[in-house]
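User: Hello! I would like to learn how to read a structure like this one. Could we go through it together, feature by feature?

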Amino acid sequence: MSEATEPNVCRPAELPSENRWRRFWVKLRRNKAAVAGGILLLLYVFCALLAPVLFRGDPAAPNLILALEPPSFKDLLGTDELGRSILGRVIYGARISLLIAVGVVSVGLLIGVPLGLISGYFGGKVDFLIQRVTDAMLAFPGFLLALALVSVLGVGINNTVISIGISMIPLYIRLVRSCVLTVREEVYVEAARAAGTRDGMILLRHILPNVMVPITVQTSLGMGTAILFAAGLGFLGIGVQPPTPEWGAMLGSARGYLFNAPHVATFPGIAIFLAVLSFNLLGDGLRDALDPRFKI
Amino acid sequence: MLNYVIKRLFSMIPVLVGISILLFFMLRMLPGDPAQVLAGQMASPEEIETIRKQLGLDRPVYEQYLSYLGRLVRLDLGRSARTQNPVIEEIWARLPNTALLAVVAIGLACLFGIPAGVISAVRPYTWVDYVVTMGALFGISMPVFWLGLMLVVVFAVVLRWLPAGGTGGWQHVVLPSVTLASFVVAFIARMTRSTMLETLSLDYISTARSKGLRETVVVVKHALKNALIPIVTVVGLQFGLLLGGAVLTETVFAWPGIGRLIVDSILARDYPVIQGTILIFGLLYILVNLAVDLLYVVIDPRIRYE
């Protein structure tokens, strides 16, 4: 982990070059925690992609005769209150959680990054307006904002993605804006402006590539947060709804069986924990590898 | 100082107006007719019409907003659709429970997080440091509600030392507050470590050491005292996280606080209570951050607010 209190990864002087990428790759590979995070994440992606191969059968189909069976050779993680294989549901849950994570950061990126670019580059009234809306959104802690939005939009995967995605927009706006404020003062931006390049082109060609590094780090960490938030909403019963095998919703229904079948609540929680950990390890590693102050 | 407090209180107004606009439009964003949603599926046209009049939905939007703002200023948050009690009363009744959890959790988080971060920074790249940094990362990655459930399994189901939920004596506070603190302690430890590492590399620390001061004095009196500002900032910011965590923790432990109230209201589509609780959470968050700003003066006498 970096010694720096603030990741200084939007330094315009550090332009992307072949040499820089090679150095980044070497630094990332030498960070054992980041490599472990990457491997863990690949395992989840593998489970998500090959779920039908890894677990044959319907993870949502109940079989009440086998309800609340403890872990055994037949069912490695046991069964839930409806007799469904917890292993199967955890494997299929990787699909749902990764899908939500990708969806959430996509919403954050697609809306937050352009607004951050515009706010930082143009300044003035547009900047003022965007920043005041951002202020108001940041006045709510992220999870509460997502909760408020779900209460309006309703439950389900799509609304979970939209609600958590919207709650992440202000973070991207602030992050991108702060980097743009530095980059826009660079000589090459001034040169492009003097050469008559249109603002839109300057933003896309000259400024956006230079703010990609902090965006990459935030995206990795944001995916972990998205999985946590989605699981939280699922747990409360206002996120992804049963019988969809979502880890948080699985924990929510396991609450009633803590006394006689604690295994039902154990494994979905471990799945959430390791998934979030993998994104956090990778995000920390990316930040250290991309921070020019952090030496190999 | 007083001038600064007044100035800061005034600077909160635009944010509060922003929050009120967000909350105002929250109800208008509902798919379909808000009056119909509030009245429920079985309501008669007359009941829907009464609610429409009550909410002023028959008036222009700007008029509706101004009257909403006027009610907010008077702390009139409307009535609960479920219990018909004033929303503010529902919130007041539960606020002390949430406050108790939050204060104990923050206290526990500071008690363990700051020393852990300090020890980690004093012995960097040793096994102690790795244990603390990995422990902090584990804490950040762990879903609080799952940790809560696991604590219930261990301490209430297996060992039978503590109650699984509800309120009562101090025993009821232990598990929820430890659960809530777990997330925050990780952030505090991480921040303390990185700030202390920077502070310990500064010249005045070398001077203090070369004067022959004991290492404990150097670390606690010279380094930690100067590293406290960013740590206090993180504690303030984590308060928001704590409020979010409270919603989940209160649900796990059936703790009758505001967090539980908001979940019950969402499940019952009780919009006046949802709006009210979110507003109060927003307000609390802003006020805590103001308090943190003011605390800087106490910690660092070099800071003067004019």
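**Reading a two-chain model**

Analyst: Let us start with burial: buried residues make up 49% of the 296 residues in chain A. A residue is buried if 20 or more other C-beta atoms lie within 10 Å of its own, exposed if 12 or fewer, and partly exposed in between, with C-beta atoms placed from the backbone. In chain B, which has 306 residues, buried ones make up 39%. This is a predicted model, in which local features need pLDDT of at least 70 and side-chain atom pairs count only at pLDDT 80 or more, while totals for chains, interfaces and linings use all residues. Residues are numbered from 1 along each chain as its sequence is written, and chains are lettered from A in the order in which they are written.

User: What does pLDDT say about chain A?

Analyst: pLDDT is the predictor's confidence in each residue, from 0 to 100. Chain A averages 88, and 92% of its residues score at least 70. Residues 1-8 of chain A stay under 50. Where pLDDT is low, the predicted coordinates should not be read in detail.

User: At what angle do α2(A) and α4(A) cross?

Analyst: Two packed helices are described by the angle between their axes and the distance between the axes. Here axes are lines fitted to C-alpha atoms, for helices over the stretch in contact, and angles run from 0 to 180 degrees between N-to-C directions. The axes of α2 (residues 32-49) and α4 (residues 86-122) of chain A come within 7 Å and cross at roughly 105°. That makes α2(A) roughly perpendicular to α4(A); angles under 35 degrees count as roughly parallel, over 145 as roughly antiparallel, 65 to 115 as roughly perpendicular and the rest as oblique.

User: Which residues of these two helices meet?

Analyst: A:Tyr44, A:Val45, A:Cys47 and A:Ala48 in α2(A) meet A:Ile91, A:Ala94, A:Arg95 and A:Leu98 in α4(A). Seven residues of this contact are nonpolar, none polar and one charged. Ala, Val, Leu, Ile, Met, Phe, Trp, Tyr, Cys and Pro count as nonpolar, Asp, Glu, Lys and Arg as charged, and the others, Gly among them, as polar.

User: How many residues are in contact between the chains?

Analyst: Two residues are in contact if their C-beta atoms, placed from the backbone, lie within 7 Å. By that rule, 38 residues of chain A are in contact with 44 residues of chain B. On the chain A side, α11(A) gives the most, with eight residues. That side has 26 nonpolar, eight polar and four charged residues.

User: What do the buried residues of α6(B) pack against?

Analyst: They pack against α9 (199-236) and α11 (263-290) of chain A together with α5 (87-122) and α8 (171-200) of chain B. Among the buried residues of α6(B) are B:Val132, B:Ala136 and B:Ile140.

User: Why does B:Val178 count as buried?

Analyst: B:Val178 has 20 C-beta neighbours inside 10 Å, so it counts as buried. B:Val178 lies in helix α8 of chain B. Leaving aside neighbours within four places in sequence, B:Val178 is in contact with B:Leu108 and B:Leu151.

Key. Helices (H or I, at least four residues) and strands (E, at least two) are DSSP runs, numbered from the N terminus.
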